[in-house]
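Please look over the sequence and the structure shown here before reading the briefing that follows.

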Amino acid sequence: MRLPRISPVTLAIVGLLLGLAALNIVLSAKIPQNTGLKGVGIITLPFAAVGLLIVRRRPRNSIGWILLAFTFAVLVSVNAANYAVLVYGVNDALPLGRLAVALAPAWIPVIVLAPLPIVLFPDGRIPPGRWRWVFWAYAALGVALLSAIGAADFRAFTEQRVVIDSSGSLSSLTAPTHGAVAAFFNTAAIVAYAACFAAMVVYQIVQFRRSQGDERQQRKWFLAGGGIAVTGLIIATQSNTLGFLFACIVALPLGIGFGILKYRLYDVDRLISRTISYAIVTATLVGVFAGIVLLATRVLPFSSPVGVAASTLAAAALFNPLRRRVQRLVDRRFNRARYDAEATVAAFGARLRGAADVETVLDELGAAAAGSLEPAHVTVWVRAAP
C-alpha cells in the first residue's frame, strides 16, 4: 500500500508545533509551583491536528490556517511566559529574558483569532451581505488591539528594570488601568469585542436555520461542538477540573473538522441525541441516588451502608427503563430520522401480523424500507418454492 505523500511544509509545521509543545513541558517542570502557565499549551494540540487535516484536504479553506495560527500563538505565549518566570524568578543569567517578556502577551492574537472560525465556517469565506460589515469591523478592532498591546510590549526592551507578575507578563500590562480616559477605552474595547462575538454567533444560528442538506449538517456539527466546549468551560471554571475542560474543549475542533471535511456528516443527530439523553439519565439517577440516601439515613432509621446499597440497587434497576424512555423522547426532538424510522418499522410489524397475501407483504416491506432507510431503489428476492 502506498503511503500518502507529506509535503515539506506540513512536516515543518508539525515539527515546529511538536517542538513548542515539548518545550512547554520542559519549562513547566523547571519553574516554581503556582507560577507561569504550566501545561496550558497542550490543550491546543487538537486544534493543531484538525488544522493540519483541513490544510491538507481543503488548503483554500482559511479556517485550517487560522487553527494552526491559533495553536502557534498559544504555544509561543505560554513558553515565553514560562521562560520569563525562569529568567526573572529562578536564574537571571539566562539570555533573552526581555524578549520572553515581550512575547508573553501573545495570547492577544489568540483572542483575536478565536472568533474568526465562527463567522467563516464552513467554507472559510467572508460572509456576504450585511454580515460582511461585522467581519471587517471585527478585523479593525483586532488590528487596534494588537497595535495597542504591541506598543505596550515594546517597553520590555526600553525599561531599565523589568518587573513581571506570577504569570510571566509585564506587570504594567496586568495591573489595573489608571486614568479615566484609559479606563473608558479599555471598557469600550471589551464591549466592542463582546458585541462582535455575539453577532458572529447570531450569524451562525441564522444561517443554520436557513440552511438545508449537507450545509445544515455541517453547521449542526459546529454548533454541537461549540455548545459542548462552552458548557465544559463553564463547569470547569466553577469546579477547577482541567481534565474535564480538556475533554470538552476537544469537542470544538472535532466539530469543526467533521463539519468541514464532511466525515460521518449525518451522525451528528445520533451524537446529539445520545449526549442529551445520557446527560438527562445521569442527572436523574444521581438525584434518585442522593434522595434515597438522604431518605434512608436522615428520615428512616437505617445506617449509611444500607442507604447507599439501597440507592445503588434502585439506580441500577431504573437505568435501562429510564434510558429507553428518555432516549425515545429525545430522538423525537433531536434525531427525527431515527424516530421516524422506528415508527415506520413498528407500523410495518403491526400490518404484517394481519397480512396473508405475499404481494401485500412485499409491498409493505418495500414501503417500510423506503420510509426508514430512504434507499435509491428497493429490490426483493423471493426464494422459489421447492
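## Briefing on the helical model

Just after helix H13, Lys-262 takes a positive phi of about 60 degrees. Helices (H or I, at least four residues) and strands (E, at least two) are DSSP runs, numbered from the N terminus, and on this basis the protein chain comes to 17 helices and zero strands. This is a predicted model, in which local features need pLDDT of at least 70 and side-chain atom pairs count only at pLDDT 80 or more, while totals for chains, interfaces and linings use all residues. Residues are numbered from 1 along each chain as its sequence is written, and side-chain values use heavy atoms, with hydrogens and water left out.

**Chain as a whole and helix H13**

- Of the 386 residues in the protein chain, 35% are buried, where buried means under 20% relative accessible area, exposed over 50% and partly exposed in between (1.4 Å probe, protein chains only).
- Among the contacts in the protein chain with a separation of 6 or more, 66% are between residues 24 or more positions apart, contact meaning heavy atoms within 4.5 Å.
- Helix H13 (residues 251-261) is mostly covered, since eight of its 11 residues are buried, namely Ala-251, Pro-253, Gly-255, Ile-256, Gly-257, Gly-259, Ile-260 and Leu-261.

**Helices H1 and H3**

- Two packed helices are described by the angle between their axes and the distance between the axes; axes are lines fitted to C-alpha atoms, for helices over the stretch in contact, and angles run from 0 to 180 degrees between N-to-C directions.
- The axes of helix H1 (residues 8-30) and helix H3 (residues 62-89) cross at roughly 30 degrees and come within 9 Å.
- H1 is therefore roughly parallel to H3, given that angles under 35 degrees count as roughly parallel, over 145 as roughly antiparallel, 65 to 115 as roughly perpendicular and the rest as oblique.
- H1 passes H3 in a left-handed crossing, a crossing being left-handed if the near helix is turned anticlockwise from the far one by less than a right angle, and right-handed if clockwise.
- Residues making this contact include Leu-16, Leu-20, Asn-24 and Leu-27 of H1, together with Trp-65, Phe-72, Asn-79 and Tyr-83 of H3.
- The residues of the contact of H1 with H3 divide into 15 nonpolar, five polar and one charged, with Ala, Val, Leu, Ile, Met, Phe, Trp, Tyr, Cys and Pro counted as nonpolar, Asp, Glu, Lys and Arg as charged, and the others, Gly among them, as polar.

- By class, the contact of H2 with H3 has 10 nonpolar, three polar and no charged residues.
- H1 and H2 pack at an angle of about 175 degrees with their axes 12 Å apart, which makes H1 roughly antiparallel to H2.
- The contact of H1 with H2 is made by Thr-10, Ile-13, Val-14, Leu-17 and Ala-21 of H1 and by Leu-45, Ala-48, Leu-52 and Arg-56 of H2.

**Ser-211**

- Ser-211 lies in the loop between helix H10 (180-210) and helix H11 (213-239), and Ser-211 is buried, with a relative accessible area of 6%.
- Leaving aside its neighbours within four places in sequence, Ser-211 is in contact with Arg-216 and Arg-219.
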